[in-house]
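Keep the 3D view open as you read.

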Amino acid sequence: MFDQTIDPIDSCGCGDTGYLTTRTVPIDLAHGVGRIDNVPVYHCRSTACQEFTLPSIVSRRLEDIAEEMEAVQATEAVYTWESHLKQSLDPLHRTNDQTHLQAFTLQFGSREYADAHIVLIVPGQAIFFQSTLEDTEYYLLRYEAEIRTDGIWFSFLKFYYEEPELTYEDFLEWSEEGHLKEIGRITLDEVEDTLTDEFGDWKSVS
C-alpha cells in the first residue's frame, strides 16, 4: 500500500512537460532483460520522443515487481498496485480508498475508446475524455468523496471546451463558472458499462 498520490503533470525525460500515461518499460533482471506493461510514466505526448520519467512511488514498485519476476524466472509482467478494486471498503479507511482509486484510474492510461480518447488522468480523482467526433466535446468521470452511501461513487459529466489543450489547473479555474452538465452518478461497478455504452468498445494502446 502507498500513502501518496501521483501528480497528473511533471516533466518528461526530454525536459518538456510530462503528462501521466502508461507504457511498457524494459527492466534488467538477473536472468536477462524483461518488460513490464501498463507502467505509469510522465511523457510529453510527442510521438517522436522516446524519453519518459517514472514517478518515485512507481520506481519503488517496479523494484518489487522485478524481485517477483526473478523469483519465478518471468520475463514479462503487468504493473499493478495489488489492489482489490471492487471490494467493499469501510468509509473511514480513506487511505485504502485512495489506493484503490489510483489503481483504478491509472488503468485507463492504456485505453482508447471507439468514440473517445483519454486526454488527462488525475490519479484517484478524475479521468477526462475527448470525443473523437467533436473536438470541443469532453466528458469527465470524477470521484465523489462526499457521497456517504456504501461503495465508491463517481459523477459522469459533459462539457464543451474551446482551448487547444486541456490542463487540470486551467480546467479547475474554468469549471468554477458552471460549464459542466451532469449526465449521472454511478458506482465503481457501473463505470465500465457506462463508458462502453457512451463511447463504444475500448482497445489497449501502447
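Predicted model: local features only at pLDDT ≥ 70, side-chain atom pairs only at ≥ 80, totals over all residues.

A residue counts as buried when its relative accessible area is under 20%.

**Aromatic pairs**

- Rings of Phe, Tyr and Trp are paired here if their centres lie within 6.5 Å, and planes over 60 degrees apart count as edge-to-face.
- The count by this rule is 17 aromatic pairs.
- Phenylalanine 104 and phenylalanine 108 have ring centres 5.3 Å apart and planes at 75°, so they make an edge-to-face pair.
- Tyrosine 139 and phenylalanine 199 are also edge-to-face, because their planes stand at 75°, with the ring centres 5.0 Å apart.
- Tyrosine 139 belongs to strand β8 (residues 137-143) and phenylalanine 199 to helix α4 (residues 191-199), so this pair ties together parts that are 60 residues apart in sequence.
- Both partners, tyrosine 139 and phenylalanine 199, are buried.
- One aromatic cluster is formed by Phe128, Tyr138, Phe159, Tyr161, Phe171 and Trp174.

**A charge over rings**

- Which ring has the charged end of arginine 111 sitting over it, 4.5 Å from its centre? That ring is the one of phenylalanine 108, the residue that pairs edge-to-face with phenylalanine 104.
- Arginine 111 also lies over the face of tryptophan 202, where the distance to the ring centre is 3.9 Å.

**Helix α1**

- Helix α1 (residues 56-72) has 17 residues, which at 1.5 Å a residue should span 24 Å; the end C-alpha atoms are 25 Å apart, so the two values agree.
- Its buried residues are Ile57, Val58, Arg61, Leu62, Ile65, Ala66 and Met69.
- An α-helix has 3.6 residues a turn, so residues three or four places apart point the same way.
- What do the buried residues of α1 pack against? Their partners are β2 (17-29), β3 (32-43) and β4 (76-78).
- After α1 comes glutamine 73, which has a positive phi, near 60°.

**Helix α3**

- In helix α3 (residues 168-175), the buried residues are Tyr168, Phe171, Trp174 and Ser175.
- These residues cover an arc of only 125° around the axis, so they lie on the same side of α3.
- The cover over the buried residues of α3 includes β6 (116-122), β7 (126-131), β8 and β9 (153-160).
- Two of these buried residues, Phe171 and Trp174, are also members of the aromatic cluster.

Terms used: Residues numbered from 1 in each chain as written. Heavy atoms only, no water. Phe/Tyr/Trp six-rings, centres within 6.5 Å; stacked < 30°, edge-to-face > 60°. Helix = DSSP H or I, 4+ residues; strand = E, 2+ residues; numbered from the N terminus. Buried < 20%, exposed > 50% of the residue type's maximum accessible area, 1.4 Å probe, protein only. Lys NZ or Arg CZ within 6 Å of the ring centre and 35° of its normal. Expected span 1.5 Å × (residues − 1). Contact = heavy atoms within 4.5 Å. Arc of directions from axis to C-beta.
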